[in-house]
Every structure is written in structure tokens, then in C-alpha cells.
Amino acid sequence: MSEPPSPSQPSLTVDGVTINVPSLPEAVTSIVSAAQQGDNFSVCTLNLDHVVQLQQHASFRAAYRRARFVTADGFPIVVLSRLIGARIERTTGADLVEPVCAEAGRRGLSVFLLGSNDLTLKATAGRLTERFKGLQIAGCLAPGSGFDPYSAEADTAIERIRKSGARLCFVALGAPRQELFAARCLDELNGTGVLCIGAALDFIAGTQSRAPTVAQRTGLEWAWRMLREPRRLGPRYIRCMKVVPRLLARSIPQIVEARMRKAA
């Protein structure tokens with residue numbers, strides 16, 4: 001379950017999910033600390049597409065609510081947090097991988113890569129170990145395209161992660177599969193942190209291109225992606241836009257409470 005931030009800090013809660021990691025540095029510190037302690041935990045990054053799925057799928061909500069660390073991925077989530085006075089910065093799964101690997105290399109925490117395809121995994125593993133001295137890749141696995149988080153294939157993946165001894169596992173399966181799989185890992189692994197990272201492994205391998213930095217910083221990464229893949233992403237972003245008014249309306253009590261607390 002998501003752990004609440006300090007009572008002195010305002011926080012944003014969306015459909016029972018609290019953004020409890022306000023920045024990339026704090027996310028890296030929290031993840032590495034938990035891994036060093038030998039904890040089982042999961043990490044999710046909330047964006048508008050996830051908000052849509054939170055409202056539609058009980059299993060996805062349950063998986064998200066079990067995550068120990070939740071960051072704000074989508075720019076609209078960041079804007080909402082600012083309305084309640086929370087100092088939250090956008091932190092995506094792609095943002096997390098390299099700084100976490102840098103710390104993992106320094107502290108002797110081995111990592112496992114799950115997702116994408118064999119070619120991407122090989123390239124990603126090579127690039128990460130070249131960039132971060134001491135980083136140990138305990139294993140890699142590319143599930144089939146129809147991967148089911150509750151299948152025998154998922155059982156095999158969990159066993160592979162367990163046998164590898166990895167303290168951190170990066171899962172790049174896309175939502176909701178990666179979050180559902182991460183929730184399973186909480187019950188079936190011992191001492192492994194599972195990070196849901198979307199297309200991050202493809203970005204590192206160079207098999208997919210991430211939006212330019214200026215688009216990321218201005219909240220227009222979604223527009224850049226949609227222009228590149230309009231047929232696939234257009235319907236998704238239309239659904240996301242439709243949820244914004246409801247999301248804002250549901251957040252009004254939090255905004256009013258935060259403003260009243262600040263005025264008191």
C-alpha cells in the first residue's frame with residue numbers, strides 16, 4: 001500500500017492512490033534504501049492513461065494501491081498537485097532507470113530486466129553496464145507478446161527473478177500488465193523491488209525514441225508521441241482528455257482543504 005508523505009506536506013490522492021514520492025532524487029533514494037534493506041516493494045508512475053484504467057478495472061486499482069512508491073508521471077497530475085500546494089515534479093519510469101542503476105552499481109544491488117524483446121534487452125544490458133561501474137545484471141527475460149500476469153509464463157518469470165537473486169527488477173510490459181505482475185511479485189518474491197517502467201528499456205537500447213527534452217519539460221511529450229503514432233495513440237489520448245474534467249472535480253475537496261490549511 002502507498003505510504004503517505006509527511007503530514008506537513010500536502011499530497012495528491014487520485015482514486016485512493018497517493019503520490020508519495022515528489023521528485024526523482026527522492027524516488028531514487030527511497031528505492032535504493034528499500035532495496036538495501038531487503039524489502040519487497042513495487043513502484044508505479046501515475047499518468048492519465050493509468051487514471052482511466054484505475055476507474056475501469058478493480059484489479060488495476062488493487063495493484064496500484066499496493067505500490068509502496070508512486071510518482072507523478074503525467075503532466076496533468078503534476079498540475080493538479082500544484083493546485084493543492086504540493087511540490088511534486090514529473091518522474092517517469094524512463095527517468096528512474098539510469099539513476100537507480102547508478103546507485104545499484106555503487107551499492108552492489110543486482111538488477112533484472114523483464115520485457116520488450118531479446119535484442120533490446122541485450123543492447124540495454126550492455127549499455128547500462130558500460131555506463132555504470134559495478135552494475136550487475138542478474139538476468140534478462142523477454143516474455144511473449146500475449147504475456148498474462150497470472151499465467152504459467154508469469155510463474156516462470158517470477159521463478160527466474162527469484163533464482164537470479166536480483167534486488168531490483170525493472171518491468172517493461174506496459175500498463176496494466178506490468179502493474180499487475182508487480183503486485184504478484186509482492187507475494188511471491190523475497191527481497192526484490194519491482195519498478196514499472198513502460199518503454200524505458202527501448203529508449204535506452206535506442207529501439208524507440210523518446211520525445212526531445214523540451215517536449216518533456218513543457219508537458220508536451222504526449223503530443224510528440226501522438227504525432228509519431230496517431231493511429232495507435234490518438235484514441236488513448238482522447239480517452240485521457242475526457243477524464244480530466246472528472247479528475248479535476250474529484251480533486252476540488254483536496255484543493256479547498258489545502259488552501260484553507262494554508263490560510264489558517
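Predicted model: local features only at pLDDT ≥ 70, side-chain atom pairs only at ≥ 80, totals over all residues.
Ser116 lies in the loop between β5 (111-115) and α6 (118-131). The phi angle of Ser116 is near 55 degrees, a positive value in a residue other than glycine. Most residues other than glycine have a negative phi.

Asp15 also has a positive phi, near 50 degrees, and is likewise a residue other than glycine. Asp15 sits in the loop between β1 (13-14) and β2 (17-18). The relative accessibility of Asp15 is 12%, so this residue counts as buried, the cut-off for buried being under 20%.

## A cis peptide bond at Pro176

Most peptide bonds are trans. The bond that joins Ala175 and Pro176, however, is cis, with an omega of about 5 degrees. Pro176 belongs to the loop between β7 (168-172) and α8 (177-188).

## Cysteines without disulfides

The structure contains zero disulfides. Cys140 takes part in no disulfide: the nearest cysteine sulfur, that of Cys169, is 9.9 Å away, whereas a disulfide requires two cysteine sulfur atoms within 2.5 Å. With a relative accessibility of 27%, Cys140 counts as partly exposed.

Cys240 counts as buried, at 4% relative accessibility.

Key
Residues numbered from 1 in each chain as written. Heavy atoms only, no water. Helix = DSSP H or I, 4+ residues; strand = E, 2+ residues; numbered from the N terminus. Buried < 20%, exposed > 50% of the residue type's maximum accessible area, 1.4 Å probe, protein only.
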